[in-house]
Amino acid sequence: VWGLVATLWLLAPAIAWLSARGTARRARTSLADVLSLRAPRVAHVVGAVCLAPALGWLMRQWVPFQQRVLPMPSTHLAADSPFAALLEQPGWVLFALLALSPAIGEELLFRGALQGGLRRDLAARRTAAWQALLFGLAHASLWRFVPTAVLAPGLAQLLALR
């Protein structure tokens, strides 16, 4: 749990800041522009809130399919695994660790600094493809690669609409 907190609240924002600072300096623009730091439109917030249940349902469908095609090792599913211990946390802790923290740390790094740097030199589709690949790989899990790599271009497109 503390490793996850340190990664999402310290490491990811630090890397994002360092990367975006260099990009902003080279592009002669502000750090906020590179990181795309703007208040979201109300329609985007409403859309995200409405989309969340559908994504939850989709993941409940995906996991059994994935278990048939590429089963997770039993050590990942054991009662004494770190994942099982994480799921025993109270709901507010799970929300903070699995929803709020990635929404801040990962978004700053991937949709902020990385996408901000890539879009300077690449077309929008290539930027989204590279960013999706790197987002999937960064999760360092064969079992999470497909869901995260598929989710990344959608998030990239939402950012492009702002």
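How far apart along helix H6 are Arg 111 and Glu 107, in residues and in helical turns?

Analyst: Keep in mind that this is a predicted model. Arg 111 and Glu 107 are four residues apart in helix H6, which means about one helical turn separates them. An α-helix has 3.6 residues a turn, so residues three or four places apart point the same way. Here the two side chains meet in a salt bridge, at 2.7 Å from N to O. A search of the whole structure finds one salt bridge.

Now look along the rest of H6. This helix covers residues 91-121. Arg 120 lies in it.

The members are Trp 9, Leu 10, Phe 95, Leu 100 and Ile 104. Together they make about 500 Å². H6 gives the most here, with three residues. H1 and H6 each supply at least two. Trp 9 is one of the patch members, and it is found in H1.

For another helix, turn to H3. It has 28 residues, 42-69, and at 1.5 Å a residue it should span 40 Å. Its end C-alpha atoms are 39 Å apart, so the two values agree. H3 also bends, by about 30° at Leu 51. A proline, Pro 53, follows within four residues of that bend.

Notes:
Residues are numbered from 1 along each chain as its sequence is written. This is a predicted model: local features need pLDDT of at least 70, side-chain atom pairs count only at pLDDT 80 or more; totals for chains, interfaces and linings use all residues. Side-chain values use heavy atoms; hydrogens and water are left out. The expected span of a helix is 1.5 Å times one less than its number of residues. The bend at a residue is the angle between axes fitted to the seven residues ending there and the seven starting there. A salt bridge is a side-chain nitrogen of Lys or Arg within 4 Å of a carboxyl oxygen of Asp or Glu. Patches are made of residues with over 30% relative accessible area and no salt bridge: like charges are joined within 9 Å, nonpolar side chains (Val, Leu, Ile, Met, Phe, Trp, Tyr) within 5 Å. Accessible areas come from the Shrake-Rupley method with a 1.4 Å probe; for residues, only the protein chains shown count as cover.
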